[in-house]
Amino acid sequence: MPERVAGEGAPALSVRGLGKRYGRGNVALDGVDLTVEGGELVGLLGPNGAGKSTLTKIACGLVAPSEGGVSVNGSAAGSLSARASIGYLAELFRFPVWLTAGELLELHQQLASSPGGRREREELLELVGLAEAVHVPTGEMSKGMQQRLGIAQALVGSPQLLLLDEPTSALDPAGRRLVRELLIELRGRGIAVLLNSHLLGEVERICDSVTIIDRGRVVAAGGAHELGGAGGVEIETASGVRRVENVERSAIPGIVRELVAAGESIYAVRETGSTLEDAYLAAVAEDHGTDGAPSR
Amino acid sequence: MSAASRQAAPGGDGGIGAQARLGSVIARYAVRESLRRRVLPVVGALTAAFLVFYALGAHFAFRELGELETTSPSGFVDIDDRALAGATLTGLAMFATLFLGAVLATFLTLGVVRGDSETGLLQPLLARPVARGTILVARAIAAAAIAAAYVLAVFAVSVAITHLTGDYTPDQLLTAGLQLAAAVVVITCISVLVSVFTSSTAQGITVLMLFGAGLTAGLLGQIGDALESATLIDISEWMSWMLPFEALYQDALYALTAETSGVTGFLLSLGPFGGARDTGIVLDLFALLYCAGLLGLATAAFMRRDL
């Protein structure tokens with residue numbers, strides 16, 4: 001009989017009723033529920049101080065929860081088995097300036113008991129566009145290079161769950177595209193990703209679902225396009241721009257077909273109206289009161 | 001049992017064999033860090049300067065020994081001037097070695113917990129399946145090994161200099177060296193414990209102030225001996241046990257002249273920064289438990305810390 005794989009069938013990340021208090025009154029998280037399935041790319045959004053980083057840190061065992069539970073691939077978050085199956089890139093991180101990129105990855109291979117050896121190191125550096133930097137000390141790298149190296153570090157040992165806290169904050173547009181493509185590729189390999197980011201466009205473009213938290217509570221959750229809701233469409237035709245409001249995204253091809261059937265020449269089609277940014281701002285504003293001020 | 005209490009304590013489990021292997025990885029990392037961060041070259045340069053000055057001092061001290069009056073006016077008191085000068089110089093060298101060793105131990109453990117977590121160096125390591133206690137103990141062992149090896153090496157060179165310049169060798173050379181090395185191991189463990197609670201700068205200041213407090217206790221003991229004040233002697237002894245690196249240093253001083261008797265032996269018992277005291281194996285066992293206790297406390301506090 002084949003051995004049962006630990007965590008088989010369990011979500012990559014399961015967060016239930018999670019609460020975290022610092023000191024006596026500072027509530028960082030309050031009853032948060034969140035699930036990331038294998039091969040799913042979930043975006044975690046929220047304003048500064050919403051509790052996103054705290055949630056990520058609890059998931060990788062750096063912070064102990066005050067209440068609720070978090071499991072990673074079926075193991076309690078923070079346990080060695082849970083940590084053996086994750087890759088983590090912190091928002092504020094630093095690598096020892098005296099280590100080269102290759103040495104840093106080798107250190108993490110040893111800590112993660114990865115048998116990948118030199119080949120894995122070369123592949124990871126290639127993946128993040130740092131193939132030429134294997135012998136470069138991290139202290140001589142730009143912040144963007146360090147962030148890409150951080151992503152490579154998180155991928156050491158082929159983790160089942162990636163916890164990325166603002167992984168593109170220091171990257172230029174080319175670097176962001178590289179990371180986007182990398183995350184999509186990882187999803188294709190079945191790796192679950194929790195992406196904590198302020199870059200709404202990026203999240204909207206690549207994430208399967210989005211959870212918005214504010215002041216420690218989940219204020220909205222769902223698919224990126226579901227959250228965005230019905231917006232509109234602008235269609236450039238030979239007779240001018242036609243605007244149609246309150247249409248679902250799925251209805252746009254039908255509208256275009258009708259126009260073509262009616263003899264219109266179509267030059268461009270643009271989605272307008274409600275986007276993830278609108279949904280985000282609406283959810284956060286609702287949580288703070290209608291005027292957007294915190295409703296304490 | 002609540003869900004929160006069922007949550008694994010961060011870094012609190014794992015097989016001993018696996019953690020021992022990971023501990024060796026962390027220890028090697030710590031050793032490489034100390035070599036690459038240029039702490040050792042700087043300490044090496046300072047040590048070389050100290051040894052050069054020590055050699056000059058020893059050379060002139062022994063050369064002028066013949067001009068010293070080493071008998072009483074009545075001519076009955078016999079003092080072994082070579083032993084007196086040799087042990088005094090070696091005692092001074094031991095003090096300097098301990099001081100340099102304490103500075104090295106402090107720098108090697110600077111920011112091991114709170115300092116590194118504030119800069120973001122620690123988090124990537126702790127996200128790996130390595131227990132927090134493993135990281136702490138491995139870093140302490142690596143720093144203690146380097147500091148102890150350093151102290152033994154400097155002590156050996158200073159003894160060699162004393163022997164070459166004055167033909168003097170301590171009575172119990174190995175014991176003196178080992179006790180001095182043990183004193184630096186204690187300082188290393190104190191520094192690791194302090195690193196859990198304070199930032200790097202505060203850690204350095206705290207450890208060096210504790211080192212100073214230990215030396216002050218030794219001085220108090222000497223003053224107590226001279227004044228025959230039981231209170232001062234008691235305070236000194238209590239402080240020496242609370243900060244056992246001082247007691248180990250005093251034991252190391254004793255080992256220099258353990259087999260020297262008479263007036264020379266008495267004079268030599270008044271060592272620099274703490275009179276020589278024979279505390280024996282009890283002290284070594286106490287120091288061992290003390291270090292284990294410090295690392296246990298440090299680990300317990302580290303495991304409760306949110307990073």
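Two residues are said to be in contact if their C-beta atoms, placed from the backbone, lie within 7 Å. Helices (H or I, at least four residues) and strands (E, at least two) are DSSP runs, numbered from the N terminus. Axes are lines fitted to C-alpha atoms, for helices over the stretch in contact, with angles from 0 to 180 degrees between N-to-C directions.

Good morning. The structure before you is a predicted model, in which local features need pLDDT of at least 70 and side-chain atom pairs count only at pLDDT 80 or more, while totals for chains, interfaces and linings use all residues. Residues are numbered from 1 along each chain as its sequence is written, and chains are lettered from A and ligands numbered from 1 in the order in which they are written.

I begin with chain A. Helix α5 (residues 143-154) of chain A lies across β6 and β7 (161-165) of chain A, and runs at about 165 degrees to β6(A). Both strands belong to an open sheet of six in chain A, ordered β6-β7-β8-β3-β9-β10 with mixed pairing; two strands pair if DSSP finds at least two bridges between them. At the edges stand β6 (86-89) and β10 (217-223) of chain A, each with a single partner strand, so one side of each has no neighbour in the sheet. From one strand to the next, the twist averages 15 degrees. Within the sheet, β3 (residues 41-45) and β9 (residues 209-214) of chain A pair in the parallel sense over four bridges. There, V42(A) has S209(A) in β9(A) as its bridge partner.

How many residues of chain A are in contact with chain B? The contact joins 33 residues of chain A to 31 residues of chain B. On the chain A side, β4 (67-72), α2 (80-83), β6 and α3 (101-111) each give two or more residues.

In chain B, the axes of helix α9 (residues 200-227) and helix α10 (residues 230-242) come within 8 Å and cross at roughly 155 degrees. That makes α9(B) roughly antiparallel to α10(B), a term for angles over 145 degrees. Among the residues that meet are G214(B) and A217(B) in α9(B), and L232(B) and I233(B) in α10(B).

Finally, confidence. pLDDT is the predictor's confidence in each residue, from 0 to 100. Chain A has a mean pLDDT of 86, and 92% of its residues reach 70 or more. Within chain A, confidence is lowest in helix α8 (residues 224-228), at a mean of 72, and highest in α3(A), at 95.

Note on methods: Parallel < 35°, antiparallel > 145°, perpendicular 65-115°, else oblique.
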